[in-house]
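Visitor: I have a model open on my screen and would like to go through it with you. Could we start with the open space in it and then move on to the strands and the rings?

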Amino acid sequence: MQNDVDSGFIDSEGEATSVGIKILTAWHNTSLPPTNDYGAIAGNNSGIFPDYVMKSAYWTDAGKPQKFQIFGLDTSYSYKFTFYGNRAATDNRTTNYQIGDETVSLNAANNLTNTVSIESVKPDTSGSVTVTLSAGSGSVYGYLNAMVIT
């Protein structure tokens, strides 16, 4: 997982872009997979995202923040990063998403509708932004099911 790269993201018009993602940290450092399909779903793709997005997530344990880099961004623009986390659970699953000095939090427990955003993000001179995903205060896990960049 560490140093894995996925690029050629598709924009809202179905066109390939220069944007990609690189995993910067060793996800979990355990034998457990960094993904699961345990998110709550609305059914019939009627939720905020399609069911397959809502149910699948990258996750992390408390005390193990994970970092990934979004690259290929145009340095002349500012971006809005919107995050969505979801896990079929009833306990505290608050997740923190951090870019630079700004952190937003979202409780992912049975989350069918809520997102959080960080706005006015300027990429560095190489066109990159680093995102940190971590479990929030009192939460044992943190989740990322979707991220929208506008």
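Guide: Let us begin with the largest pocket, which is lined by 25 residues, and of these Phe9, Val19, Met147, Val148 and Ile149 lie nearest its centre. Please keep in mind throughout that this is a predicted model.

Visitor: How much space lies in the largest pocket?

Guide: The space in the largest pocket comes to about 880 Å³.

Visitor: And how do the residues of its lining divide into nonpolar, polar and charged?

Guide: The lining of the largest pocket holds 18 nonpolar residues, together with four polar and three charged ones.

Visitor: Then what about strand 1 and strand 2, how many bridges join them?

Guide: Strand 1 and strand 2 run antiparallel and are joined by two bridges, with Asp6 standing opposite Ile21 in strand 2. Strand 2 also pairs with strand 5 (residues 66–71), again in the antiparallel sense, over four bridges, and there Gly20 has Phe71 in strand 5 as its bridge partner.

Visitor: What is the order of the six strands in that open sheet?

Guide: The order is 1-2-5-10-7-8, and the pairing is antiparallel. The edges are taken by strand 1 and strand 8 (102–107), each with a single partner strand, so one side of each is left without a neighbour in the sheet. Further along the order, strand 7 (residues 94–99) and strand 10 (residues 129–135) pair over five bridges in the antiparallel sense, and Asn96 stands opposite Ser134 in strand 10.

Visitor: Changing topic to the rings: how many aromatic pairs does the structure hold?

Guide: It holds six aromatic pairs. In one of them, Phe49 and Tyr84 form a tilted pair, at 5.1 Å centre to centre and with 50° between the planes. That pair links distant parts of the chain, since Phe49 lies in the loop between strand 3 (35–36) and helix 1 (51–55) while Tyr84 lies in strand 6 (residues 79–84), 35 residues apart.

Visitor: Are Phe49 and Tyr84 buried or exposed?

Guide: Both Phe49 and Tyr84 are buried.

Visitor: And why is the pair of Trp59 and Tyr141 edge-to-face?

Guide: The ring centres of Trp59 and Tyr141 are 5.5 Å apart and their planes stand at 75°, so the pair is edge-to-face, given that planes over 60 degrees apart count as such. This pair also links distant parts of the chain, with Trp59 in strand 4 (residues 57–61) and Tyr141 in strand 11 (residues 141–144), 82 residues apart. Trp59 counts as buried at 10% relative accessibility, whereas Tyr141 counts as partly exposed at 28%. Ring pairs also bring in Tyr143, which is linked with Trp59 and Tyr141 into a cluster.

Visitor: Last one, about the backbone: what is phi of Ser120?

Guide: Phi of Ser120 is near 60°, a positive value in a residue other than glycine. Most residues other than glycine have a negative phi. Ser120 is found in strand 9 and counts as exposed, at 61% relative accessibility. Asn45 is another residue with a positive phi, near 55°, and is found in the loop between strand 3 and helix 1.

Definitions and conventions. Residues numbered from 1 in each chain as written. Predicted model: local features only at pLDDT ≥ 70, side-chain atom pairs only at ≥ 80, totals over all residues. Heavy atoms only, no water. Phe/Tyr/Trp six-rings, centres within 6.5 Å; stacked < 30°, edge-to-face > 60°. Buried < 20%, exposed > 50% of the residue type's maximum accessible area, 1.4 Å probe, protein only. 1 Å grid on protein atoms, 1.4 Å probe; cavity = no way out; pocket = protein on both sides within 12 Å on 5 of 7 lines; lining within 4 Å. Points joined across faces, edges and corners; volume = space filled by probe spheres on them. Nonpolar A, V, L, I, M, F, W, Y, C, P; charged D, E, K, R; others polar. Pairing = 2+ DSSP bridges.
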